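User: Got a model here that I'd like to walk through with you. Can we start with the terms and then go feature by feature?

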Amino acid sequence: MCSSDLLMTKAAAQHGEKPALKTESPCPELEDGKAPPALPEDEWTTWTYEEMLGDIRSAAKGMIALGFQQYDTVNIWGFNSPEWVFSWAGAAMIGCLGTGIYATFVMTVVAEEDGTRAVWPSCPALGWTTASATTRSCG
């Protein structure tokens with residue numbers, strides 16, 4: 001078990017049902033090209049510490065099922081999102097190096113250059129609607 005796993009496990013044990021992460025999801029549309037006021041807090045998507053730990057562990061298990069091993073590099077392709085964070089933490093949990101790749105990059109080029117595989121976090125705004133982290137092999 002690595003440090004981040006130990007810290008998250010301890011936080012979940014101590015604060016289990018308390019909110020750990022909140023996000024406006026889906027993000028409100030622009031109004032006349034400007035950001036609208038924030039949604040009321042009760043309309044935000046919330047993860048408790050226990051839920052967050054569960055999603056991180058699910059991402060880690062998915063990476064193991066795809067053949068990732070300790071010291072591998074996991075390229076995480078996508079926009080900033082809770083699912084991106086869960087994917088990164090899942091990679092760390094299994095001893096991999098999680099690296100971010102901005103969503104506008106062409107994945108085939110990245111895969112050819114470094115020979116690694118990538119993880120696509122769930123992103124409903126882009127039509128990626130699977131639960132937790134969706135993974136695909138490239139390269």
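Analyst: Terms first. Buried means under 20% relative accessible area, exposed means over 50%, and partly exposed is in between (1.4 Å probe, protein chains only). This is a predicted model: local features need pLDDT of at least 70, side-chain atom pairs count only at pLDDT 80 or more, and totals for chains, interfaces and linings use all residues. Residues are numbered from 1 along each chain as its sequence is written, and side-chain values use heavy atoms, with hydrogens and water left out.

User: Tyr71: buried or exposed?

Analyst: Tyr71 counts as exposed, at 70% relative accessibility. Tyr71 is in the loop between H2 and E3. Helices (H or I, at least four residues) and strands (E, at least two) are DSSP runs, numbered from the N terminus.

User: What is phi of Tyr71 near?

Analyst: Phi of Tyr71 is near 80 degrees, a positive value in a residue other than glycine. Asp32 also has a positive phi, about 55 degrees, although it is not a glycine. Asp32 is in the loop between E1 and E2 and is exposed, with a relative accessible area of 82%.

User: Zooming out. How many helices and strands are there?

Analyst: Four helices and six strands. From the N terminus on, the order is α-β-β-α-β-α-β-α-β-β. The protein has 139 residues, and buried ones make up 36% of them.

User: What share of the contacts comes from residues 24 or more positions apart?

Analyst: 68% of the contacts with a separation of 6 or more. Contact means heavy atoms within 4.5 Å.

User: Now the largest nonpolar core. Which residues touch the most other members?

Analyst: Met52, Ile56, Met63, Phe68, Val74, Ile94 and Cys96, out of 19 residues in that core. A nonpolar core is a set of buried Ala, Val, Leu, Ile, Met, Phe, Trp, Tyr and Cys residues joined through side-chain atoms within 4.5 Å.

User: Which elements give two or more residues to this core?

Analyst: Helix H1 (3–15), helix H2 (49–65), strand E3 (73–77) and helix H3 (82–93). H2 gives the most, with six residues.

User: Take Ile94. What is Ile94 in contact with?

Analyst: Leaving aside neighbours within four places in sequence, Ile94 is in contact with Ala60, Met63, Ile64, Phe68 and Gln70.

User: And Val74, where is that?

Analyst: Val74 is in strand E3. Val74 counts as buried, at 0% relative accessibility. Its C-alpha is 8.7 Å from that of Met63, eleven residues apart along the chain.

User: Cys96 next. Where is Cys96 found?

Analyst: In the loop between H3 and E4. Cys96 counts as buried, at 9% relative accessibility. Beyond neighbours within four places in sequence, Cys96 is in contact with Phe68, Gln69, Tyr71, Asp72, Val74 and Ala91. Cys96 and Thr73 are 5.7 Å apart, C-alpha to C-alpha, and 23 residues apart in sequence.

User: What about Gly98, which strand does Gly98 lie in?

Analyst: Strand E4 (residues 97–101). Gly98 counts as buried, at 14% relative accessibility. Leaving out neighbours within four places in sequence, Gly98 is in contact with Val74, Ile76, Trp88 and Ala91. The C-alpha atoms of Gly98 and Val74 are separated by 4.8 Å, and the two are 24 residues apart along the chain.

User: Helix packing. At what angle do H2 and H3 pack?

Analyst: About 65 degrees, with their axes 8 Å apart. Axes are lines fitted to C-alpha atoms, for helices over the stretch in contact, and angles run from 0 to 180 degrees between N-to-C directions.

User: Which residues in H2 and H3 meet?

Analyst: Met52, Leu53, Asp55, Ile56, Arg57, Ala59, Ala60 and Met63 in H2 meet Phe86, Ser87, Ala89, Gly90, Ala91 and Met93 in H3. By class, that contact has ten nonpolar, two polar and two charged residues. Ala, Val, Leu, Ile, Met, Phe, Trp, Tyr, Cys and Pro count as nonpolar, Asp, Glu, Lys and Arg as charged, and the others, Gly among them, as polar.

User: Last topic. How many salt bridges does the count come to?

Analyst: One salt bridge. The rule is a side-chain nitrogen of Lys or Arg within 4 Å of a carboxyl oxygen of Asp or Glu. Lys22 forms a salt bridge with Glu41, with the closest N and O atoms 2.3 Å apart.

User: Which parts does the pair tie together?

Analyst: Lys22 lies in strand E1 (residues 19–23) and Glu41 in the loop between E1 and strand E2 (45–48), so the pair ties together parts that are 19 residues apart in sequence. Lys22 counts as partly exposed, at 32% relative accessibility. Glu41 is exposed, with a relative accessible area of 54%.
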